[in-house]
Amino acid sequence: MANDRSGDAIVAGHICLDLIPAFDGAPAIEPGRLVKIGPAIVTTGGVVANTGLALHKLGTPVRLMGKTGDDEFGRIVMDVLRSHGPCLADDMIVADGESTSYSIVISPPDRDRTFWHCPGANDTFSADDVPYDNFGSARFFHFGYPPVMARMYRNGGAELADLLGRARERGVAVGLDMCSPDSNSDAGRIDWAALLARVLPNVDVFFPSIDELLYMLDRPAFDRLARNPEDAVDGQLIRTIGERLMRLGVAAAVIKLGDRGLYVRTSDENGRIEDFCRRLGLNTADWKDREIYAPCFSPSKVAGTTGSGDCTIAGFIASILRGEDPTTAATSAVAVGACSVEAADATGGVRPWDEVKARLEAGWQRSSRAIAWPTHGLAADRSGTLSLNGNRP
């Protein structure tokens, strides 16, 4: 364990080794056929590496809490973490006799990625693996990817609820990120609506993607999204699911919309939002009952989308730890996400905080792939992030 407990943020949960082969086009998968591919990038993946290292690159003091096996892949993971900062691996667990999680990331140019994933030691990660008494000066605890961590989703999420509750008792704000369950696995068959109802009262900021949310809470809408992604996601659907998350007890829902941006909804309950703001030293008036939409910024190039959602979350966390309001936090988040896709790996494109802000100040162009909202009552900041509060049905 490290002696320095000065990290503003702790990122815990899933970590793996990512193998990202290069493709000239869409790969063909046919029995008996050899397909030529390019060199592979070997890097870390999962929320601990992606969000954690992005926060580190943004200049936010962060501690990483994940679990690897005592194998070659595990040694590579630890070496990668230490290459970014000599103390970044100090809170990691190396489990004797277990295998390290890895993913083969199929990420062709101009297409979303596909993952072939082995959970490895993530499946045995438990609430007792988090050193709550050593949180030190941390103000934000972020946990990610329970759908690929077996102990976190079994038994109705009892272990996850215990972990998040124990973290929150230490006075930190708690964030939770999801990932898409494999529909053919045990995780794909559990009652996610019931699990979220159990764990979200212990979550201050919930960071799911829209497709993850619809899979867990509205399967008919998820099926429509799968059939026709362009038409299935609209403002009313996003608002409906955001309101449902408010009823489930979070202080803020930050919904990732892929290349169509980020939606933020915050609680209108005085006690809930005041408690969240107190934990982070934020202005309650800025955060209460807010609804914000931030379209993506146009990257200079798209080298790969792996980890872009995790880096977007890192931008949001870094922003609120700096005391920024929700509109600015949403803008900062999509800016960091746009930087991330300019490199093939998850965090290679992430820049220091001052460089991200300078890019925004220079008048960074927004993507044309934005959600169309009714125009009445909208207020846009200088960068183009929309406040939707006056535009509710």
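**Histidine 14**

I began with histidine 14, which is buried at a relative accessible area of 2%, where buried means under 20% relative accessible area, exposed over 50% and partly exposed in between, with a 1.4 Å probe and protein chains only. I note that the model is predicted, that local features need pLDDT of at least 70 and side-chain atom pairs pLDDT 80 or more, and that totals for chains, interfaces and linings use all residues. Residues are numbered from 1 along each chain as its sequence is written, and side-chain values use heavy atoms, with hydrogens and water left out.

I placed histidine 14 in the loop between strand E1 (9–13) and strand E2 (16–21); helices (H or I, at least four residues) and strands (E, at least two) are DSSP runs numbered from the N terminus. Leaving aside neighbours within four places in sequence, I listed the contacts of histidine 14, among them Gly45, Ser101, His117, Asn122 and Tyr145, with contact meaning heavy atoms within 4.5 Å. I also looked up glycine 38, which is 24 residues from histidine 14 along the chain, and the C-alpha atoms of the two are separated by 28 Å.

**Two positive phi values**

Tyrosine 145, one of the contacts of histidine 14, has a phi near 75°, a positive value in a residue other than glycine. I found tyrosine 145 in the loop between strand E9 (140–144) and helix H3 (150–153), and at 13% relative accessibility it counts as buried.

Aspartate 289 also has a positive phi, of about 50°, although it is not a glycine. Aspartate 289 lies in the loop between helix H11 (284–287) and strand E14 (291–294), and its 26% relative accessibility makes it partly exposed.

**Cores**

I then turned to the largest nonpolar core, which has 61 residues, and noted that Leu64, Phe140, Phe276, Trp287 and Phe316 have the most contacts inside it; such a core is a set of buried Ala, Val, Leu, Ile, Met, Phe, Trp, Tyr and Cys residues joined through side-chain atoms within 4.5 Å. A second, separate core of 57 residues includes Ala167, Leu195, Leu196 and Leu245.

**Helix pairs**

For helix H4 (residues 158–168) and helix H5 (residues 192–199) I recorded a packing angle of about 20° and axes 9 Å apart. Axes are lines fitted to C-alpha atoms, for helices over the stretch in contact, and angles run from 0 to 180 degrees between N-to-C directions. H4 and H5 are therefore roughly parallel to each other, given that angles under 35 degrees count as roughly parallel, over 145 as roughly antiparallel, 65 to 115 as roughly perpendicular and the rest as oblique. Their contact is made by Ala158, Leu160, Ala161 and Leu164 of H4 with Leu195, Arg198 and Val199 of H5.

Helix H6 (residues 210–217) and helix H7 (residues 219–227) pack at about 140°, with axes 6 Å apart, and are therefore oblique to each other. I listed Asp211, Leu214, Tyr215 and Leu217 in H6 as meeting Arg219, Ala221, Phe222 and Leu225 in H7.

**Cysteine 311**

My last entry is cysteine 311, in helix H12 (residues 308–321), which is buried with a relative accessible area of 0%. Not counting residues up to four places away in sequence, cysteine 311 touches Asn50, Ala54, Val336, Ser340, Ala346, Thr347 and Val350. Valine 148 is 163 residues from cysteine 311 in sequence and 19 Å from it in space, C-alpha to C-alpha.
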